Amino acid sequence: MPLPGQRHLFEIPDGVTYLNCAYMSPQLRSVRAAGEAALGMKAQPWRLTSADFFTHSEALRGLFARLVGADADGVALVPSASYGMGVAAANVRVREGQRIVVLAGEFPSNFYPWHEAARRAGAEVLTVARPADGDWTRAVLAQVDSRCAVVAVPHCHWTDGAWVDLVRVGERAREVGAALAVDGTQSVGALPFDVGTVRPDFLVVAGYKWLMGPYSQGYLYVAPQHREGQPLEHNWLMRQGSEDFARLVDYRDAYQPGARRFDVGERSNFQLVPMAAAGLAQLLDWGVDEIQRTLRVLTERIARGATGLRLEVTPEAHRVGHLIGLRRRGGYAPGVAQRLAAQDLHVSVRGENLRVSPHLYNTPEDVDRLLAALTPLL
């Protein structure tokens, strides 16, 4: 059964219809409370102990690991998707003449790191064209062969929610000896993801969208075969024995275990970490399977209404349940999102798509209000 409405857990005023979680999630009341408590702690730094540099970030690492079926040792704390993909690009071998496969219209954070890796190696970035039938899985599989070094794809396309079957893509990548790097920013937290099933080499997720967390707190899962790799930076927290502040200048080569060597500097962020943890705790309480089932009811309603307005949507078999693009050939008139926002209806325009991304604070009435307001704008 779908989850009941959860609007009471958010600070969304009456009259505001927010269908834009793919842009940025509203802040949960629990996340705000955690942030305010954290600000109070920073105001009195004598209350902070050396253990606080480790215990809270380790708890956050464990929460994300639970969310994606990983071991905590495989999780690094990073500030952004681009940072995480930068780690991936620095730790995958790409040789001259090889290919790196990406989707057409991919989000820049999953393009630029691979573009740079290809430039350095004398390799090629191969862009998979958008398939007319919406089946990205088939389109990607057709391009993965022995020339491929990396398949860098999302779980769903950020502009319209078109789905990629990562299990099949991962199997094919391993067959040809290619790495699988996944940007889960627009899926993890709303669409079930299990690293044991998908088996990515790297999974990167920014935390301020579907993970209900603050800006600048993200996550990187690293498969076991890459955990002895090269970090992007060399901060003191990543080194073995850094818990002993009195001996920090006893420099050492050894790192903290697992993927911790890839943590960003100042990963103990005393404001963001508690907020991010509160967001993940709420997601785990709701259950990602239940979130996906509930949101699919709304996006199916959106799809039916959009079809009636002669807009195109990706076929249901090829799209996720939490994010949908309403495509208009030739695109929308300039300012359509702003005109909707003037009516307190909040969505995004991405390319030819009006991107609609509801969450548990939305209702069928929100969908109907959007469709009614959209009609005269077409």
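Which residues do ring pairs link into a cluster? They are Phe53, Phe54, Trp236, Phe245 and Phe270. The notes below start with the basis of the model, then take the sheets and the rings in turn.

1. Basis. This is a predicted model, in which local features need pLDDT of at least 70 and side-chain atom pairs count only at pLDDT 80 or more, while totals for chains, interfaces and linings use all residues. Residues are numbered from 1 along each chain as its sequence is written, and side-chain values use heavy atoms, with hydrogens and water left out.

2. The sheet of 7 strands. This sheet is open, with the order E2-E8-E7-E6-E5-E3-E4 and mixed pairing. Strands here are DSSP runs (E, at least two residues), as are helices (H or I, at least four), and both are numbered from the N terminus. Two strands pair if DSSP finds at least two bridges between them. Strand E2 (75–78) and strand E4 (124–128) stand at the edges. Each has a single partner strand, so one side of each is left without a neighbour in the sheet. Neighbouring strands are turned by 20 degrees against each other on average, direction ignored. Axes are lines fitted to C-alpha atoms, for helices over the stretch in contact, and angles run from 0 to 180 degrees between N-to-C directions.

3. A pairing inside that sheet. Strand E7 (residues 202–206) and strand E8 (residues 218–222) are joined by 5 bridges in the antiparallel sense. Val205 has Tyr219 in E8 as its bridge partner.

4. Helices on that sheet. Helix H2 (residues 52–68) packs on the sheet and touches E2, E7 and E8 (contact means heavy atoms within 4.5 Å). The direction of H2 makes about 115 degrees with that of E2. Helix H4 (residues 112–121) also packs on the sheet. H4 touches strand E3 (99–103), E4, strand E5 (148–154) and strand E6 (179–183). The direction of H4 makes about 140 degrees with that of E4.

5. The sheet of 3 strands. This one is open too, in the order E9-E12-E11, with antiparallel pairing. Strand E9 (324–327) and strand E11 (348–350) are at the edges, each with a single partner strand, so one side of each lacks a neighbour in the sheet. Neighbouring strands are turned by 35 degrees against each other on average, direction ignored.

6. E11 pairs with strand E12 (residues 353–356) over 3 bridges, and Arg350 has Asn353 as its bridge partner in E12. Helix H9 (residues 288–308) packs on the sheet, touching E9 and E12. The direction of H9 makes about 5 degrees with that of E9. E9 and E12 are joined by 4 bridges, and Ile324 has Val356 in E12 as its bridge partner.

7. The faces of E9. Both are covered.

8. Aromatic pairs. The whole structure holds 12 aromatic pairs. Rings of Phe, Tyr and Trp (its six-membered ring) pair if their centres lie within 6.5 Å; planes under 30 degrees apart count as stacked, over 60 as edge-to-face and the rest as tilted. Phe53 and Phe245 form an edge-to-face pair, 5.3 Å centre to centre, with 75 degrees between the planes. Phe53 lies in helix H2 and Phe245 in the loop between E8 and helix H8 (272–286), 192 residues apart. Phe53 is partly exposed at 22% relative accessibility, and Phe245 is partly exposed at 33%.

Key: Buried means under 20% relative accessible area, exposed over 50%, partly exposed in between (1.4 Å probe, protein chains only).
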